[in-house]
Amino acid sequence: MIRMNRATQVSQIIEKNPGIQFSEIMRESGMKNGVLSHYTRKLEEAGTVQVERTPRVTRFYPLGINKEESVLIKNLRQETPKNILVLLLEKESLSFNEVAEKVKRSPATVSINLTQLIQDEIIEGKFVNTKRIFQIKNKDLVQSAITKYHPDVIDRSADRIGDIFSSL
């Protein structure tokens with residue numbers, strides 16, 4: 001059996017999972033921290049992957065993903081923002097209470113995530129008849145990112161819609 005080069009293995013994991021965190025690559029590859037650090041650094045120095053470092057999280061992306069897409073991908077890799085985006089794709093626009101009820105998260109969690117999605121310029125909040133309504137700014141971009149990088153989200157979303165109709 002031919003053993004895959006570790007750098008190639010890490011590169012393939014990043015290619016299949018844009019926005020993946022370092023700890024997730026460790027789990028998926030089975031490599032230890034120091035070994036993985038070596039290979040991710042080599043890939044970054046070779047210009048083979050893009051790396052986004054924030055104070056608590058380092059994310060890895062394949063080449064060719066622009067800033068707008070990387071922000072979307074980052075949010076789609078997190079459960080609550082992903083659920084909010086899928087919900088807003090399905091429902092067009094919703095109030096804060098409707099979002100909190102449908103994603104089944106605490107109001108504080110929903111507030112934090114909606115605020116982040118607004119700061120990331122993915123959604124916007126508008127006042128309609130004294131009620132704040134949230135909607136996606138660029139539905140085509142969100143739909144495209146989901147289709148390209150997280151097609152599994154669409155399958156689960158279709159299942160949820162089927163569940164909703166069967167419960168009527």
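In what order do the strands of the open sheet of three strands with antiparallel pairing that contains E1 stand? The order is E1-E3-E2, where strands (E, at least two residues) and helices (H or I, at least four) are DSSP runs numbered from the N terminus, and where two strands pair if DSSP finds at least two bridges between them. Strand E1 (20–21) and E2 are the edge strands, each pairing on one side only. E2 and E3 are joined in the antiparallel sense by five bridges, and Arg53 stands opposite Thr58 in E3.

The model is a predicted one, in which local features need pLDDT of at least 70 and side-chain atom pairs count only at pLDDT 80 or more, whereas totals for chains, interfaces and linings use all residues. Residues are numbered from 1 along each chain as its sequence is written, and side-chain values use heavy atoms, with hydrogens and water left out. The secondary structure of the chain comes to nine helices and six strands. Of the 168 residues of the chain, 38% count as buried, a word that stands for under 20% relative accessible area, with exposed over 50% and partly exposed in between (1.4 Å probe, protein chains only). Among contacts (heavy atoms within 4.5 Å) between residues at least 6 apart in sequence, 51% join residues at least 24 apart.

The loop between H1 and E1 is the place of Gly19, a residue that is buried, with a relative accessible area of 0%. Leaving aside its neighbours within four places in sequence, Gly19 is in contact with Arg59, Phe60, Tyr61, Ile73 and Arg77. Gly19 and Ile65 are 46 residues apart in sequence, and their C-alpha atoms are 9.9 Å apart in space.

Helix H2 (residues 22–29) has Phe22, Ile25 and Ser29 as its buried residues. They cover an arc of only 60 degrees around the axis, which puts them on the same side of H2; the arc is that of the directions from the helix axis to the C-beta atoms. An α-helix has 3.6 residues a turn, so residues three or four places apart point the same way. The cover over the buried residues of H2 includes helix H1 (6–16), E1, helix H3 (33–45) and E3. Just after H2, Gly30 takes a positive phi of about 80 degrees.

Helix H4 (residues 67–76) is mostly covered, with eight of its 10 residues buried. The buried residues in H4 are Glu69, Ser70, Val71, Leu72, Ile73, Lys74, Asn75 and Leu76, and what covers them includes strand E2 (49–53), strand E3 (58–62), helix H5 (79–91), helix H7 (107–119) and helix H8 (139–149). At the start of H4, a side-chain oxygen of Asn66 reaches to within 3.1 Å of the backbone nitrogen of Glu68. Asp120, found in the loop between H7 and E5, is buried, with a relative accessible area of 18%. Apart from its neighbours within four places in sequence, Asp120 is in contact with Val71, Lys74 and Asn75.

Another open sheet of three strands has the order E4-E6-E5, with antiparallel pairing. Strand E4 (93–95) and E5 stand at the edges, each with a single partner strand, so one side of each is left without a neighbour in the sheet. The twist averages 35 degrees from one strand to the next, with axes taken as lines fitted to C-alpha atoms, for helices over the stretch in contact, and with angles that run from 0 to 180 degrees between N-to-C directions. E4 and E6 pair in the antiparallel sense over three bridges, and Ser93 stands opposite Gln135 in E6. Helix H6 (residues 96–103) packs on the sheet and touches E4 and E6, its direction making about 95 degrees with that of E4. H7 also packs on the sheet, where H7 touches E5 and E6, and its direction makes about 110 degrees with that of E5.

Strand E5 (residues 123–128) and strand E6 (residues 131–136) run antiparallel and are joined by six bridges. Phe127 has Arg132 in E6 as its bridge partner. The hairpin of E5 and E6 has two residues between the strands, and in this hairpin Asn129 takes a positive phi near 50 degrees.

How values were computed. A polar contact is a pair of N or O atoms within 3.5 Å; within protein, one must be able to donate a hydrogen and the other to accept it, and residues adjacent in sequence count only if both atoms are side-chain atoms.
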